[in-house]
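Thank you for making time this morning.

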Amino acid sequence: MSTAIEFQHVSKSFGDTPVIPDMNLAIEEGELFVLVGTSGSGKTTSLKMVNRLEEPTDGDVLINGKKAKSYPLQQLRWSMGYILQQIALFPTMTVAQNIAVIPEMKKVPKKEINRLVDELLTKVALDPAKYRDRMPRELSGGEQQRIGILRAIASKPNFVLMDEPFGALDPLSRATLQDLILDLHKELHNTIIFVTHDMDEAIKLGDRIGIMGDGKLLQVGTPTELAQNPTSDFVRDFFSSSADKSVYQTPINHVIQAEGYATAPDSSEKTEQLQDTDTLQAAFVALSGYDYIEIVDQQQETLGFLSRKQVFQYLSKPQKVR
Ligand SMILES: Nc1ncnc2c1ncn2[C@@H]1O[C@H](COP(=O)(O)OP(=O)(O)O)[C@@H](O)[C@H]1O
Ligand SMILES: [Mg+2]
């Protein structure tokens, strides 16, 4: 694995006001990295320095080992999908035309574009026959956001930058689109930086999470590392503010009761074994290394499988439902 995006002593001031004092971070190729923090902590500014909507005051952002500023700006932008909270679809263009904007610019043949549009719409559960010719105003907020995501990934960019993309959506649309991001990431293996202020969202999505406070990266680690080993009160409080900690002590069989067992993974997929009386915390640890865990009884007989997705689904439900 190689480093895809690196911040090297990056600082940023607006006028005389320092916003990012000294940021250092290496994001690996194919990683889904979540930047989480309160409002005003510098998440958007950090993200914009990756696709050069902002330039660092000092230091460098490296993309694939080369300074971002050494790439032709257009080439850099085209290699990076960018998704914002208020995705502005082009109002006078159809859904299909909106999705095809970048492939059109790249002069992808018409036939291929049509095929791509249908493939992508199907992926987000929107029937192409019904949706390709609709106008943005004929879509719900969640549907518009889905098209916005498709537009950003239509040319299969190696990098995707997302800035609180689901902030304005209802919880159900939000959960659906989070799953979509996980599925797309699994399929495309692109490098993603996902910005949110929502710790639950960060835990659900992140391979690793960076917690920002006041322009500084306070801690970087896997969800499990942060849960088990917060290095500051801020991180501990931020973590417990959303992810109710007692939930990690619940036995795995509660999750199974709520979510059922997963279909058995390919026999080639590696798993770890846990008993259904083990805690969710143990499952969490195991699932940071594997996509599935095998649940066994006292006699080591297989009861079934539990996927990472199921655990996150369970965790993302409001407590009353659990
Ligand atoms: N263009 C700008 N000019 C002046 N200050 C800015 C500008 N953009 C952001 N800031 C300030 O920088 C800080 C970080 O902002 P931002 O990166 O947007 O935070 P976040 O995305 O975490 O909410 C805030 O204090 C904000 O007011
Ligand atoms: Mg922001």
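Let me begin with strand E3, which runs parallel to strand E9 (residues 208-213) and is joined to it by 5 bridges. Within that pairing, Gly37 has Met212 of E9 standing opposite. Before going further, please keep in mind that this is a predicted model, and that every value I quote is computed from it.

E3 spans residues 32-37, and it also pairs with E8, again in the parallel sense and over 5 bridges. Here Leu32 is the residue that stands opposite Ile192 in E8. How many residues of E3 are buried? The count is 6 of 6, so strand E3 is mostly covered, given that a residue is called buried when 20 or more other C-beta atoms lie within 10 Å of its own. The covering applies to both faces, with Leu32, Val34 and Val36 buried on one side and Phe33, Leu35 and Gly37 buried on the other.

Turning to E8 itself, residues 191-196, we find that this strand is mostly covered as well, with 6 of its 6 residues buried. Thr191, Ile193 and Val195 point one way, while Ile192, Phe194 and Thr196 point the other way, and all of them are buried. Strand E7 (residues 159-163) runs parallel to E8 and is joined to it by 5 bridges, and in this pairing Val160 has Ile192 as its bridge partner.

Leaving aside residues up to four places away in sequence, Ile193 touches Ile27, Phe33, Leu35, Leu47, Val50 and Leu161. Ile193 is also among the residues that touch the most other members of the largest nonpolar core, a group that comprises Ile99, Leu161, Ile193, Ala283 and Val311, in a core of 75 residues. Helix H13 (residues 280-287) gives the most to this core, contributing 6 residues. The centres of domain 1 and domain 2, taken over C-alpha atoms, are separated by 29 Å.

As for helix H13, 6 of its 8 residues are buried, and so the helix is largely enclosed by the rest of the structure. The buried residues in H13 are Leu280, Ala283, Phe284, Val285, Ala286 and Leu287.

There is also an open sheet of 4 strands, ordered E2-E1-E4-E5, in which the pairing is antiparallel. Its edge strands are E2 (17-28) and E5 (66-67), each of which pairs on one side only. Strand E1 (residues 3-14) runs antiparallel to E2, and 8 bridges join the two, with Thr3 standing opposite Glu28 in E2.

Although Glu104 and Ser155 are 51 residues apart along the chain, their C-alpha atoms are separated by 9.6 Å. Ser267 sits in the loop between helix H12 (252-259) and strand E11 (271-275). Is Ser267 buried or exposed? Ser267 is exposed, since its count of other C-beta atoms within 10 Å is 5. Between the C-alpha atoms of Ser267 and Thr94, which are 173 residues apart along the chain, the separation is 44 Å.

Terms used
Residues are numbered from 1 along each chain as its sequence is written. Chains are lettered from A and ligands numbered from 1 in the order in which they are written. This is a predicted model: local features need pLDDT of at least 70, side-chain atom pairs count only at pLDDT 80 or more; totals for chains, interfaces and linings use all residues. A nonpolar core is a set of buried Ala, Val, Leu, Ile, Met, Phe, Trp, Tyr and Cys residues joined through C-beta atoms within 7 Å. A residue is buried if 20 or more other C-beta atoms lie within 10 Å of its own, exposed if 12 or fewer, and partly exposed in between; C-beta atoms are placed from the backbone. Two residues are in contact if their C-beta atoms, placed from the backbone, lie within 7 Å. Two strands pair if DSSP finds at least two bridges between them. Domain bounds come from an automatic or database domain assignment.
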